Amino acid sequence: MKISDPELIRPQLRGVLTADRPLADLTWMRVGGAADWLLQPADEEDLATFLAALDPAVPVFVMGVGSNLIVRDGGIPGVVIRLGRGFN
């Protein structure tokens, strides 16, 4: 992930930013590889803070609660943003 330094952005986030996060346990099918990075933002402001710091060249994949999603065994490059129930 091309944030100048991930440790600089973490203190600003209220959500959770995790490197090399397996995604299988976050999907209903329980299959698939890891995300390079997984962000679980606390709210819209948290998400906006993160995206403002992110290099535009980094791929971003947005998922909901993991239903109707099959993740390939090789995982997902870049950042996966998991929008939980608070983002209805």
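This is a predicted model: local features need pLDDT of at least 70, side-chain atom pairs count only at pLDDT 80 or more; totals for chains, interfaces and linings use all residues.
Local features rest on pLDDT of at least 70 and side-chain atom pairs on pLDDT 80 or more, while totals for chains, interfaces and linings use all residues. Residues are numbered from 1 along each chain as its sequence is written, and side-chain values use heavy atoms, without hydrogens and water.

Strands here are DSSP runs of E of at least two residues, and helices are runs of H or I of at least four. S4 pairs in the parallel sense with S2 over four bridges, pairing requiring at least two DSSP bridges. Strand S3 (residues 60–63) also pairs with S4 in the parallel sense over four bridges. Ile81 in S4 stands opposite Leu39 and opposite Val62.

Ile81 and Leu39 also belong to the largest nonpolar core, which has 10 residues, including Trp37, Phe50 and Val79. Such a core is a set of buried Ala, Val, Leu, Ile, Met, Phe, Trp, Tyr and Cys residues joined through side-chain atoms within 4.5 Å. Another core, of nine residues, lies apart from it, with Leu26, Ala35, Leu69 and Ile76 among them.

Helix H2 (residues 44–53) also holds Asp46. Asp46 is buried without a salt bridge, that is, a side-chain nitrogen of Lys or Arg within 4 Å of a carboxyl oxygen of Asp or Glu. The nearest side chain of opposite charge, Arg14, is 4.3 Å away. A polar atom of the Asp46 side chain lies 2.7 Å from the backbone nitrogen of Gly15.

Definitions and conventions. Buried means under 20% relative accessible area, exposed over 50%, partly exposed in between (1.4 Å probe, protein chains only). Lys and Arg count as positive and Asp and Glu as negative; His and the chain ends are not counted. A polar contact is a pair of N or O atoms within 3.5 Å; within protein, one must be able to donate a hydrogen and the other to accept it, and residues adjacent in sequence count only if both atoms are side-chain atoms.
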